Amino acid sequence: MDGMLMLFEQESYAFGRFLPGFLLPGPLAYSSRTDSFITVSSCQQVESYKYQVLAFATDADERQDTEQQKLSSGKRLVVDWILNIGEQALDICVVSFNQGASSVFVLGERNFFCLKDNGQIRFMKKLDYSPSCFIPYCSVREGTINTLIANHSKILNIYQDVTLKWATQLPCIPISVKIANFQDLKGVIVTLSDDGHLQCSYLGTDPSLFQAPKVDSREINYEEMNAEMKELQKIIREATKTQDILPESEKQRDITVTAEVSADLDEESQAIDSEVKAGAVPSVTVKITIQSRVTAQKPSLAVCVQAPLAVTCDQFVFDDLEPDSSETVVLSVFLKENCSPPELEGICIVSYNTPTELNPEGIPRVSQCSFSLPLKLVCFPAQPSKAANHKLTIDTNKPPISFVTIFPDFVDPCEGDQANALGFQFLTGSKATLLASKTSQRYRIQSDQLEDLWLVTKELIHRLEEHFKKQNCKDFACTFSGSIPLQEYFELIDQHFELRLNAEKYQELLSERAVQFRAIERRLLTRFKDKTPAPLQHLDTLLEGTFREVIALADAAEENQANMFQAFAKLKSATHLVIMLISLWQKLSHDQVAILEATFLPLAEDTQELGWEETVDAAVSYLLRTCLSKSSKEQALTLSSQLSMPKDTSRLKKNITLFCDRLAKGGRLSLSTDSATQQAAVMPGGCATIPESDLEERTVIPGSTAMFANHGQTTKQKSKPDLSEDAAEETKSHEL
């Protein structure tokens with residue numbers, strides 16, 4: 001580390017020499033042809049020192065007394081030749097083939113050099129990747145040298161001088177590569193990975209040793225050939241009838257997974273490392289049973305719940321299951337993060353192998369089931385609140401049901417049928433209130449936070465549907481006639497997007513401070529290595545201050561990441577609520593609701609590389625240009641194939657508003673591109689397509705105080721046949 005080159009003769013120390021301009025050790029190679037040592041100094045120069053010069057130079061052990069030595073006591077260490085390559089070198093190799101002139105190969109960080117004995121460049125190759133190691137070897141073509149260069153992309157490149165001849169994929173990143181000969185196998189490529197795996201491989205393919213036997217000449221029996229052809233065609237027809245390898249019924253009979261959620265919460269909570277600030281975090285037990293009717297090899301169970309929920313154990317590995325055997329596991333689910341979950345659901349996935357005659361190791365199979373968690377896992381009964389910032393009203397076609405009937409776990413039975421208000425206190429601290437009208441068929445849900453309305457609204461509709469299903473009532477339906485809370489929804493989008501921008505800023509600041517920290521370290525290292533002590537010029541103070549800034553920025557970035565996680569959970573809850581309200585408002589089918597969910601909930605997790613805003617914007621834009629398009633011109637527009645983080649959310653909010661506007665005018669969600677036919681089928685008679693403008697958006701914007709234009713206004717516009725579409729729009733603006 002001090003820049004001292006030590007030479008040994010067998011086991012005896014001969015002498016040592018300090019190399020000038022030394023900071024960090026670089027690669028070193030010996031050239032037997034010129035009897036010199038070649039290395040790369042910290043000045044990014046290739047330097048050659050002859051052994052004779054090293055032997056007669058001043059001894060390194062006596063260098064401390066150089067002031068007292070005379071000039072005649074030793075010669076100064078002089079370099080033979082120098083070549084500036086402008087970068088650090090990874091490795092040096094000196095080769096000589098076929099009694100020719102030796103060459104010095106230097107592998108840099110971005111370039112590959114071939115030098116002559118005197119330091120002149122024979123050729124160089126600029127690399128467009130980050131190399132890890134190399135080895136030159138003899139070429140079959142006279143006058144050229146082949147080189148193997150491996151990079152950090154797990155690619156091994158073969159060059160003939162500067163020409164790329166072949167490239168092959170490696171299973172790992174090699175840190176060293178050599179050419180070896182084993183008995184009759186020559187040219188084996190030996191690579192060593194950073195985790196210690198040694199691999200011997202070679203280029204090309206396995207030679208085919210099969211020789212086709214000679215065909216005996218015999219007469220062809222056409223009758224046997226026709227019979228065999230008919231039999232093969234029969235087998236092909238039967239195979240093409242089956243769309244899957246195994247029938248669905250047989251798949252279901254292999255392994256059955258069932259999950260049973262306890263009706264009551266655990267008496268003793270099983271919550272582990274919960275960050276919820278509530279006094280006691282409840283947990284609920286889930287019993288999972290795996291029943292096997294066949295032999296199942298290497299079965300494993302994975303239990304997944306969406307954050308901020310967590311399970312006490314999410315991975316289970318079992319021994320091989322015999323036919324008609326079963327396994328049972330018990331785990332608990334609890335709220336871990338300090339925010340309400342967007343979904344109270346989980347999924348169990350069992351992976352196993354089923355052996356066959358042709359494949360004894362087994363064919364991979366998967367079986368899964370889902371389970372629902374109770375609402376009381378994340379909230380508990382509380383006093384109803386009279387005032388709230390956000391209110392929703394759900395209409396039904398049946399008289400209101402007492403909360404004692406549909407919410408027995410949240411209502412005290414002593415209240416009887418008089419309970420028409422119910423309060424929900426979430427573990428995170430927020431509160432929601434559910435009200436039932438005494439005179440109309442309506443339910444109101446209200447809360448100070450928009451995202452807290454989702455779980456209560458979903459639970460209300462689910463329990464109402466289950467109640468009337470038990471009574472064999474098939475015509476029960478819920479509707480929503482209010483305005484979609486888009487403005488409040490947009491505020492949650494802006495909050496989430498602002499945290500994403502902050503994360504990007506923190507990343508840039510951390511990168512800048514890290515570069516500054518490393519630069520100061522290099523300066524300090526240079527001062528400490530210098531033989532003549534020099535003042536530090538407050539570099540140590542600057543280093544300590546930069547270190548504190550890096551730690552502070554890292555803590556701030558970590559806190560911002562936690563806030564972004566909570567903001568994304570709130571955004572998903574609000575998105576679920578908006579999807580439900582749109583489906584109740586437009587009475588969408590299950591397929592159309594699935595399209596809505598795929599459009600607005602495309603990501604399970606949010607990252608800086610692929611965020612929620614750009615993904616949803618691309619999906620909504622696609623629907624606006626396909627099934628919700630107004631003309632063929634919109635369908636001809638092409639969307640960008642690359643998703644990137646937008647500068648702001650104005651385009652996304654505009655597209656979501658336009659999306660709701662198109663649905664209000666009769667647009668139909670479908671994956672088909674024939675949007676003109678679809679819209680014509682759902683547009684009511686006597687209705688014309690209303691042109692969009694800034695004035696029109698004031699009349700039809702869900703989430704604002706303005707309601708959608710009624711049919712009377714539409715008919716009024718239609719009753720003027722002499723006016724063009726633009727003139728009708730102008731007349732409409734004057735009427736407004």
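# Notebook: salt bridges, helix packing and backbone details

Entry 1: I began with D617, which is buried, with a relative accessible area of 13%; that is below the 20% limit under which a residue counts as buried. I note here that the model I am reading is predicted. I then asked which residue forms a salt bridge with D617. The partner is R651, and the closest N and O atoms of the pair are 2.9 Å apart. For the arginine I noted a relative accessibility of 46%, so R651 counts as partly exposed. I also wrote down a network in which E343, E345 and K458 are joined by salt bridges that share partners.

**Entry 2: other salt bridges.** The count for the model comes to 16 salt bridges. As background, side chains of opposite charge can pair when their charged atoms come close. I looked up R442 and found a salt bridge with D395, with 3.0 Å between the closest N and O atoms. This pair links distant parts of the chain, since R442 is in strand 30 (residues 442-447) and D395 is in strand 27 (residues 390-396), 47 residues apart. On the question of cover, D395 counts as buried at 12% relative accessibility, whereas R442 is partly exposed at 44%.

I then turned to R513, which forms a salt bridge with E512, the closest N and O atoms being 3.9 Å apart; the limit for a salt bridge is 4 Å, so the pair is counted. R513 is partly exposed, with a relative accessible area of 23%, and E512 also counts as partly exposed, at 46%.

**Entry 3: what packs against helix 9.** Two packed helices are described by the angle between their axes and the distance between the axes, and I looked up both values for two pairs. Helix 8 (residues 590-600) and helix 9 (residues 612-625) have axes that come within 8 Å and cross at roughly 140°. Because of that angle, helix 8 is oblique to helix 9. Which residues meet here? From helix 8 I listed I595, T599 and F600, and these meet W612, V616, A619, V620 and L623 in helix 9.

Helix 6 (residues 486-529) was my other pair: its axis and that of helix 9 come within 10 Å and cross at roughly 130°, which makes helix 6 oblique to helix 9. On the helix 6 side the contact is made by Y489, I493, H496, F497 and R500, and on the helix 9 side by W612, E613 and E614. I noted that W612 takes part in the contact with helix 8 and in the contact with helix 6.

Entry 4: Leaving aside neighbours within four places in sequence, I found A296 in contact with I255, D320, L321, Y352 and N353. For I255, the separation from A296 is 41 residues in sequence, with the C-alpha atoms 8.2 Å apart.

**Entry 5: backbone exceptions.** Most residues other than glycine have a negative phi, and most peptide bonds are trans, so I checked for departures. The bond that joins A307 and P308 is cis, with omega about 15°, and P308 sits in the loop between strand 20 and strand 21 (309-311). K154 has a positive phi, near 65°; this residue lies in the loop between strand 12 (145-151) and strand 13 (155-160), and at 34% relative accessibility K154 counts as partly exposed. D273 has a positive phi near 55°, is placed in the loop between strand 18 (255-261) and strand 19, and counts as exposed at 62% relative accessibility.

**Entry 6: surface and totals.** I found a nonpolar surface patch formed by M6, F8 and Y13, which together have about 310 Å² of accessible area. F8 belongs to strand 1 (residues 4-9) and is partly exposed at 49%. For the protein, I recorded 15 helices and 31 strands, and 38% of the 736 residues count as buried. Among contacts with a separation of 6 or more, 60% are between residues 24 or more positions apart. The accessible surface comes to about 44,000 Å², and carbon and sulfur atoms account for 50% of this surface.

Definitions and conventions. Residues numbered from 1 in each chain as written. Predicted model: local features only at pLDDT ≥ 70, side-chain atom pairs only at ≥ 80, totals over all residues. Heavy atoms only, no water. Patch = residues over 30% accessible without salt bridge, like charges linked within 9 Å, V, L, I, M, F, W, Y side chains within 5 Å. Areas by Shrake-Rupley, 256 points an atom, 1.4 Å probe, with all protein chains shown as cover. Salt bridge = Lys/Arg side-chain N within 4 Å of Asp/Glu carboxyl O. Helix = DSSP H or I, 4+ residues; strand = E, 2+ residues; numbered from the N terminus. Buried < 20%, exposed > 50% of the residue type's maximum accessible area, 1.4 Å probe, protein only. Axes fitted to C-alpha atoms, helices over the stretch in contact; angles between N-to-C directions. Parallel < 35°, antiparallel > 145°, perpendicular 65-115°, else oblique. Contact = heavy atoms within 4.5 Å.
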